[in-house]
Each structure stands twice: as structure tokens, then as C-alpha cells.
Amino acid sequence: MRGAQQTGAMPISGPGSLATFAGLARQVYAGPARLGRVRLVVVDGPSGAGKSTFAERLAAACAAAVPTPPAVAVVHTDDLLDGWHDQFTFWPRLHEWVLGPLGAGRPARYRRYDWVAGRFRDEWTVVDPPDVLVIEGVSAARAAIRPAATLSVFVTAAAPVRLARSLARDGAAMQPALDRWRRAEERFFTTDGTAAGVDLVVDTSAAGPADPSTYRRVGGRADVDAGGAGGAPSAR
């Protein structure tokens, strides 16, 4: 399902600056745990922007940031949606299955949605309380969750790049449904003020193979920086 066309303008404030995932991971550990003892990282942005790749690379950097690897988990909101109609209304399910239990120090349990079968799978995925939880997907960094997040990120890319990724991954046959999805997410981001409210804005438009250890920062708080600043990492 991931990979909708996006034609509306997203905030890209010039060429930006390169930063390292290792440095960002150190900043995550230097920040406070606000979801119980869990450091929550939320990665948002339009479809086709590269959220999943960014989330996985940051999770890997967090896992490698200390001598004894901490517990790092990634949850994709696409796995919790009850089909196409549930684009933004899945939040109570995410809270009941994931955020609430982990915030209380209990394991999370959720059933993944099968987009081919059109229903949730029978088996439950269990996530023990991690040191870092990365939640990735459209509306993951909505205003309601940002106060509980150690780090909130908005990932975007130029419209032609997102469109090319959409066509490559999903094919032209899926474009009508994905166009409706894209228009809805544009409205949501505008109403929520997501890009202006997050800690970090990242642009993935660059052509050619990207260095997987770096990302391009184009906005966000001044103290979320490219230089790998941040306190000494620890497992807690």
C-alpha cells in the first residue's frame, strides 16, 4: 500500500545539510523518555517520501549506538489500518494495542492488516517494552502524539520523485486509489500543521544512490542538528 502519488507542495527549505543517523541516534538517547520508559520516535510525511527507509535506518543506528545493543522496535501504521477507509481513524487502535501498554510498561500486542486479504491476520505480533520505539507512517507525528515523542520527524521529497516511486512500487492501476489517499493526506498535514510542528524535517529528493549513513536535514528545531551532537548514549 505504501507509495501514493503526491503533487502538492511540501516544505523543502532549500538544499539543506547532510547529517548522520549515528548522530541523530545519540540525540534520541540524550532526550527524555516520555512514553513511560520508552523513547518514542515518530516518522511522518507524504506517501512515497521515504519514511520507511528513514525509520529503518534510524532504528538500526539506535541499535548500534551503545556497546550492548538496546531493544529497538519499529511499528508501521500501515499494519494497523483497517483498509483504505481507515487512513486517519486508526489511532484508537494504535493507542489500545501499542502506545497504552508500552507507556504502562507492558508488552504491546497488535494484529497486522493483510492488504491482499482485506482483513486483520489472526496472529498477534508482540513487542516487549523497548528502549526506543519508532512508529512510521502517514499521521504518525500528528499533534496529539508529539508531546509524548522524544523525536518527531517529517520526511518529504519533491513531487516528481514521490510520483516516480509510487509508479515503480504500486503500478499505474493503483493510482486512482492512491490519488485519493494523497489528497486526504495533504488536507491532514495542512490542518494538523505537522511539518511546522515536528523536531526535524528531512528531504529525500536527491537522485542517485544515497549514503545510507546520512540524511538531508532541511528544517526543524535548531538543536536537532547535523553534527551528531547530543549527550552520551545509554540504554535507558
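This is a predicted model: local features need pLDDT of at least 70, side-chain atom pairs count only at pLDDT 80 or more; totals for chains, interfaces and linings use all residues.
Residues are numbered from 1 along each chain as its sequence is written, and side-chain values use heavy atoms, with hydrogens and water left out.

The side chain of Ser 205 reaches the backbone nitrogen of Ala 158 at 2.6 Å. Ser 205 also joins Asp 203 through a side-chain polar contact of 2.7 Å.

## Aromatic pairs

The whole structure holds 13 aromatic pairs (ring centres of Phe, Tyr and Trp, the last by its six-membered ring, within 6.5 Å; planes under 30 degrees apart are stacked, over 60 edge-to-face, the rest tilted). One of them, Tyr 113 with Trp 115, is edge-to-face, at 5.0 Å centre to centre and 80 degrees between the planes. Phe 188 and Phe 189 form another edge-to-face pair, with values of 6.3 Å and 75 degrees.

Tyr 113 and Trp 115 also belong to one aromatic cluster with Trp 84, Trp 97, Phe 120, Trp 124 and Trp 181.

## Charges at Trp 124

The charged end of Arg 109 sits over the ring of Trp 124, 4.4 Å from its centre (CZ of Arg or NZ of Lys within 6 Å of the ring centre and within 35 degrees of the ring normal). Arg 111 lies over the face of Trp 124 at 5.7 Å from the ring centre.

Key. A polar contact is a pair of N or O atoms within 3.5 Å; within protein, one must be able to donate a hydrogen and the other to accept it, and residues adjacent in sequence count only if both atoms are side-chain atoms.
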